[in-house]
Amino acid sequence: MAALTLEIVTPERRVATLQADEVRAPGVLGGFGIRENHTPFMSQLQAGRLTAVDAGREVHYAIGGGFLQVADNKVMVLADSAEEREEIDVERARRAIAEATERLRTLAAGDESYALEAARVRRAAARLEVAGK
Amino acid sequence: MPSLRDIRRRIGSVKSTQQITKAMKMVAAAKLRRAQEAITKARPYATLLEQSLNRIASRAGTDETAAHPLLDSRPVKKVELVVITSDRGLAGGFNSNVVRRAQRFLVENADTYEEISVSTIGRKGRDSLKARKVVTRKDYTGVHAQLSFEKAHEIAGELSERFLSGEVDAVFLLFNEFKSAIAQVVRLKQFLPVETAPAEGTASVDFLYEPSRSELLADIVPRHLDVQVWRALLDSAASEHGARMTAMEAATKNAAEMIGALSLQYNRARQAYITKELSEIVSGAESLK
C-alpha cells in the first residue's frame, strides 16, 4: 500500500513521479526517512543516495544536493541533479573523483574552490554508490 | 525591356533565395520544438521552487529569523537592465523589439533613477545598443551557443553580488516571453530584489525546517534566481526560433510571388519574340513571291 507520492525534479527536467511506502533521503544534518502522515517538513539535502521503497522494492537515485519538502503525504525533491542507476556514467564519475582529488591536494581548506571541488567529490561518490560500483 | 536571359537569371536567383529561406524555416521549426520541450521540462522545478520560497519567505521575519538580504527592497537609486537578445539575426522583429523597449526604458527612467547600467546577453542586442551609443556594463557572450543551467547560475550569481554589495538597488530582465510560435511579447521583469507572494493553502501549519528556516531560505533564494535567469533564457530561445520561423515563412511566400510575376513576364517576352520572328519569316517569304 503505497501511501506517499514522490516527485523528483531538477532544473532541466522532471526525473520521476512515483508511489512509495517510504522515502529515505540524505539530509544535511544526516539521513532521514519519511513514512505516511509525516509532519510538514522541509530539509536541505546533500549529495547522496535517495531511496524510494515501494512494496519492499527499492529504487535508488543519486542526488547532487538540493532540498526536500513533505506535506500531505506528498514528497517533493528539488535536486540539482538526479539520476537513476541505469543513467549513471560510471566512467565519468570515476574521472571526476580522480580529477577533483588531484586538485584538492594543491588547495588549502580555506580556499574558495576547495568547497567546490569537495562537493564534486561528494556528488561523484554518490553516483558510484548508487551505481553499486 | 530586359532580355529573356536577364529574366531567366533573376528567376534563378530568387529561386535559390527561396530555397535558403525555406531551409531556415524548417530548421527554426525543428529548433522551436526542442526549445518548447525545454520550457515544459523546466516548469515543474520552477513552480515547486516558487511555492517553497513563498512558503518560507512568508514566515520569515515573523520571528527571530530575519528575511534574506536578496529579498530586501530599499530605495531604488541605481538599477541594472539586462537585455536578452539572440546571437543571430533574420528573425523578424525579435531583436529590434527588445532593443527598442530597452531604449524606451532608458529614456523614460532617466529622471527616475540616478544611474542605469545596461548589460546584454546575446550578440545582436550588444551590437544594436552599441550602434545607438548605449554604453554597456557587461556583455555576456556565448550563452546561446550552448544553453546550460550553469551559465544561468553564473549570471544570476554575478547580478546577486552586485545587488548585495550595493552597486545596484534593483535589477530588471528584459526579454521576449514565449506565448506561442507566432506570438512573442517583450517582457520587463523585476529580478532583484526578489518579490514573494503570500503562500496559499496550508499556511496555518508551520513546517519543520532542517537545518533552520533562515539557512533554508539562504539556500533557496539563489536557486530561485538561477531559475529566473534560466527561464528567461529558455523563453528567449523559443521566441527567437518562433520569430524566425514566421519571418522565413513570409520570405518564402514573397519569393514564390516574385517567381510567379517574373515567370509571367518571361513568358510574355518569349511570346513577343516568337511572334516577331514569325512575322519576319512570313514577310521574307512574301517578298520572294
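Which strand of chain B does β5(A) pair with, and in what sense? β5(A) pairs with β6(B) in the parallel sense, over three bridges; strands count as paired if DSSP finds at least two bridges between them. Helices (H or I, at least four residues) and strands (E, at least two) are DSSP runs, numbered from the N terminus. At A:S43, the bridge partner in β6(B) is B:E210.

Before going on, a word on what you're looking at. This is a predicted model, where local features need pLDDT of at least 70 and side-chain atom pairs count only at pLDDT 80 or more, while totals for chains, interfaces and linings use all residues. Residues are numbered from 1 along each chain as its sequence is written, and chains are lettered from A and ligands numbered from 1 in the order in which they are written.

Let's stay with the place where the chains meet. Here 20 residues of chain B are in contact with 20 residues of chain A, contact being C-beta atoms, placed from the backbone, within 7 Å. On the chain B side, α1 (4–59), β6 (208–210) and α5 (213–288) each supply at least two residues, and α1(B) gives the most, with seven. That side of chain B has 15 nonpolar, two polar and three charged residues. For these classes, Ala, Val, Leu, Ile, Met, Phe, Trp, Tyr, Cys and Pro count as nonpolar, Asp, Glu, Lys and Arg as charged, and the others, Gly among them, as polar.

Now for chain A by itself. Its domain assignment gives domain 1 (4–85) and domain 2 (89–131), with bounds from an automatic or database assignment. The C-alpha centres of the two domains of chain A lie 23 Å apart, and 11 residues of domain 1 touch eight of domain 2. On the domain 1 side, β5 (41–54) and β6 (57–71) of chain A each supply at least two residues. The largest share, five residues, comes from β6(A).

Over in chain B, five strands form an open sheet in the order β3-β2-β1-β4-β5, with mixed pairing. β3 (138–140) and β5 (183–192) of chain B stand at the edges with a single partner strand each, so one side of each has no neighbour in the sheet. Further in, β1 (78–84) and β2 (115–121) of chain B run parallel over seven bridges, and B:I84 stands opposite B:I121 in β2(B). α3(B) packs on this sheet, touching β1, β2 and β3 of chain B, and its direction makes about 140 degrees with that of β2(B). Such angles run from 0 to 180 degrees between N-to-C directions, and axes are lines fitted to C-alpha atoms, for helices over the stretch in contact. α4(B), meanwhile, lies across β1, β3, β4 (170–180) and β5 of chain B, at about 45 degrees to β5(B).

α2 (94–108) and α3 (123–131) of chain B pack at about 50 degrees, with axes 10 Å apart, which makes α2(B) oblique to α3(B). Angles under 35 degrees count as roughly parallel, over 145 as roughly antiparallel, 65 to 115 as roughly perpendicular and the rest as oblique. Helix α4 (149–164) of chain B packs against α5(B) at about 120 degrees, with axes 8 Å apart, so α4(B) and α5(B) are oblique too. Among the residues that meet there are B:F149 and B:I155 in α4(B) and B:L225 and B:W230 in α5(B). By class, this contact has nine nonpolar, two polar and one charged residue.

Note on methods. Two residues are in contact if their C-beta atoms, placed from the backbone, lie within 7 Å.
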